[in-house]
Amino acid sequence: MPIDAAKALAAEPRSAEIAWDHKDVQLYHLGLGAGSPATDPAELRYTLESRLHVLPSFATVAGAGMGVVGGLSAPGIDIDLAAVLHGGQSITLHRPLPTGGRAVSTSRVAAVYDKGKAAVLVLRSEAADDEGPLWSSDAQIFVRGEGGWGGDRGPSERLELPDRAPDRTVERAVREDQALLYRLSGDWNPLHADPDFAKLAGFDRPILHGLCTYGMTLKAVADTVLDGDVARVRSYRTRFAGVVFPGETLHIRMWAGDGRVQATVTAVERDDAPVLADTLVTHS
């Protein structure tokens, strides 16, 4: 079996120093669609260095990290990247992220689950600076065709939505050039830019990064439910349920209460096709 679960789990964590400054944060925010209207005080918190705060999902790109591809080269893992799907993402914040700094990012395979027709790898990254822990993040990676060895199936993280209409509903447009801008934050996969490569992957045109939709959704929750105060976010998780094409519109429904915001995200132009599901933000 190309995945040796015992070897992957026993491997020593890998560490690397990462660094970022306000320009990296501003570029990330712009890649999520921040800055419209350009002079809106609420948007200037994402784009103007003198007022800058950091959306917690920036942790997924900070310092361009070791990323998902780096985690897939861990000992005990020898797989075809064409069989890989980013199934879910979660972040836990230990304190608000600084607009610039240096940290040590430590990554390891935290779990390997057997889903029958697929394996699921949980790639965990933890970052800390001189003042202590900053964040922990988990990427759930589905590897098609690698299950069936009789291992632990792992937990189910499906969330039941409240039995009521959403408390807030917003739409967010995805610009035609948004994937081209977002990829400058470190994800250079040609799937998001090259039409010929996208066709080889089974799409008629390039798709938006899932982590871009992830960040756009957190920004919508922060701006709509948390009065723009990103420091209130404690954790954020989602399951990637479908793709987004540049030029489409995201329909984001939110249910708020008791320090939690549940959300769903769909693509308006494709009859509300699912994009993000089982989405949960916890906050103070």
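**Ground rules.** I number residues from 1 along each chain as its sequence is written, and side-chain values use heavy atoms, without hydrogens and water. In this predicted model, local features need pLDDT of at least 70 and side-chain atom pairs count only at pLDDT 80 or more, while totals for chains, interfaces and linings use all residues.

**Overall.** I looked up the elements and found seven helices and 10 strands. Both are DSSP runs, numbered from the N terminus: helices are H or I with at least four residues, strands E with at least two. Of the 284 residues, 47% count as buried, meaning under 20% relative accessible area with a 1.4 Å probe, protein chains only. The C-alpha trace spans about 55 × 50 × 40 Å along its principal axes.

**Sheet.** I traced an open sheet of 10 strands in the order β1-β3-β4-β5-β2-β7-β10-β9-β8-β6, with antiparallel pairing. Two strands pair if DSSP finds at least two bridges between them. β1 and β6 (168–173) are at the edges; each has a single partner strand, so one side of each lacks a neighbour in the sheet. I then checked β6 and found six bridges to β8 (residues 249–257), running antiparallel. Arg 168 has Met 254 in β8 as its bridge partner.

**Helix α2.** I went through residues 22–31 and found Val 25, Gln 26, Tyr 28, His 29 and Gly 31 buried. Their cover includes β1 (14–20), α3 (41–47), α5 (178–182) and α7 (210–225). Just after α2, Gly 33 takes a positive phi of about 100 degrees.

Definitions and conventions: Buried < 20%, exposed > 50% of the residue type's maximum accessible area, 1.4 Å probe, protein only. Contact = heavy atoms within 4.5 Å.
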